[in-house]
Amino acid sequence: MKYKFLKSILVATIVATSTITLNPLQDKGIQIVEAKSKIKLNTTKKTIYKGSTYTLKVKGTKKKVKWTTSNKKVATVNSKGKVTAKKKGTATITAKVSGKTLKCKITVKNKPSSYMVNLEFNKTYKNYDITGDKKSDTIKIKPQKYSGDRYKYGDKIFVYINGKRLILSMKYGECFRMKIKLVKLNNKVFLFVNGYAENDWDAWQILYEYKKGKLVKAYDFKRINAKYGYHPEATITKVTNNKIYVRHFLVSNSLGCLEFNNVYQYKNGKISRTSNISNVSWSGVNQKSYKKVKYGYMKKTKTIYTSPTSNKKKGTIKKGTKVKPIKVYMTDKKMYILLKTKSGKTGWVKGSKNIYEEPLMDECLFVG
């Protein structure tokens with residue numbers, strides 16, 4: 001009995017000691033109070049376009065929220081916080097819950113005639129008219145399930161428009177990166193698929209338009225560039241009215257790595273380049289020091305011409321002359337490069353489609 005009594009005292013002492021150890025603030029007379037979540041809206045200001053919707057959410061509580069709008073002509077709100085934009089202007093959406101009043105300023109703008117929107121896989125979009133019937137369509141894009149170890153995407157994507165599945169695919173090869181955009185030009189909506197591939201695989205840089213229940217090719221941004229090198233890339237940088245501004249990258253057979261910008265226009269139902277001539281940003285590297293250079297040394301003496309569309313000769317640029325490319329001319333049939341020497345002399349020289357032909361300069365950088 002004595003043993004059991006002492007054991008009980010020991011257990012009680014351990015429990016008491018443990019309690020003091022786990023709650024040191026209580027020993028100092030400080031009361032511990034559980035922190036409550038702060039009740040707030042997911043945003044206090046939002047800009048949306050006429051005809052589109054946005055759902056406001058109250059964080060920090062699960063109690064019922066009462067929603068109201070200050071201007072029903074500009075924006076309405078339902079019992080679940082879904083805001084519908086009616087016309088251009090501003091409105092204040094108010095949420096009342098748990099004795100608190102929360103407000104969000106909604107600015108409604110008219111839809112621009114041109115824009116560019118990034119799309120995410122497996123996300124549903126409901127505010128864009130890709131079919132051209134002047135009604136908002138439901139758009140969802142799913143990637144191909146691909147089990148390869150190296151590539152995140154395969155050679156297909158599945159585009160769901162109002163529930164109908166359309167399959168888009170590369171010509172050959174597989175993507176290791178992919179970006180998809182909606183591009184609107186003068187109220188015509190296109191789908192841009194940009195898939196990056198390696199080596200001799202096809203690069204996916206196509207603008208699609210919806211016609212008769214199908215997505216058909218409107219323009220292939222690598223169509224001309226890929227004839228004169230490999231690893232073509234196209235990035236849409238801006239969209240205004242009926243024009244698309246695109247930054248291109250190409251490992252050119254004649255120049256190695258270079259970037260150039262092209263402008264494309266949507267006119268009479270077709271996409272086309274506004275000019276065959278582009279300014280060039282050239283990457284040259286010294287083959288011994290591996291340092292970047294502004295000028296390279298000509299590997300051979302070359303004939304120069306007054307323009308890329310004329311056979312009129314201007315003279316020659318001799319082997320060993322310091323030069324840099326400043327413009328490039330590309331069509332389906334030919335490529336010319338405008339070179340500028342260190343002394344300021346300029347002239348157009350013929351580019352090459354042949355990957356085994358020597359580049360123009362010793363300092364041309366090739367990657368991939």
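Start with the term for the charge pairs: a salt bridge here is a side-chain nitrogen of Lys or Arg within 4 Å of a carboxyl oxygen of Asp or Glu. In general, side chains of opposite charge can pair when their charged atoms come close.

What you see is a predicted model, where local features need pLDDT of at least 70 and side-chain atom pairs count only at pLDDT 80 or more, while totals for chains, interfaces and linings use all residues. Residues are numbered from 1 along each chain as its sequence is written, and side-chain values use heavy atoms, with hydrogens and water left out.

By that salt-bridge rule, the count is six.

In one of them, K299 pairs with D362, and the closest N and O atoms are 2.8 Å apart.

How covered are the two partners? For the wording, buried means under 20% relative accessible area, exposed means over 50%, and partly exposed is in between, with a 1.4 Å probe and protein chains only. K299 is partly exposed because its relative accessibility is 22%, and D362 is partly exposed at 37%.

Next, R223 and D332 form a salt bridge, with 3.0 Å between the closest N and O atoms. This pair links distant parts of the chain: R223 is in the loop between β18 (214–220) and β19 (229–240), D332 is in the loop between β29 (322–330) and β30 (335–341), and they are 109 residues apart. R223 counts as partly exposed at 39% relative accessibility, and D332 is partly exposed at 35%.

Then there is E209 with K188, where the closest N and O atoms are 3.4 Å apart. E209 belongs to strand β17 (residues 204–211) and K188 to strand β16 (residues 188–196), which puts the partners 21 residues apart. Is E209 buried or exposed? E209 is buried, because its relative accessible area is 7%, whereas K188 is partly exposed at 22%.

Now the surface. Which lysines gather in a patch of positive charge? They are K38, K40, K57, K59 and K100. A patch is made of residues with over 30% relative accessible area and no salt bridge, with like charges joined within 9 Å and nonpolar side chains (Val, Leu, Ile, Met, Phe, Trp, Tyr) within 5 Å. K100 is in strand β9 (residues 100–109), and K100 counts as partly exposed because its relative accessibility is 43%.

K59 also has a neighbour worth noting: L41 is 18 residues away in sequence and 6.0 Å away in space, C-alpha to C-alpha. L41 lies in strand β1 (residues 40–41) and is buried, at 9% relative accessibility.

Last, the cysteines. How many disulfides are there? With a disulfide taken as a pair of cysteine sulfur atoms within 2.5 Å, the count is zero.

Conventions. Areas by Shrake-Rupley, 256 points an atom, 1.4 Å probe, with all protein chains shown as cover. Lys, Arg positive; Asp, Glu negative; His and termini not counted. Charge placed at Lys NZ, Arg CZ, Asp CG, Glu CD. Helix = DSSP H or I, 4+ residues; strand = E, 2+ residues; numbered from the N terminus.
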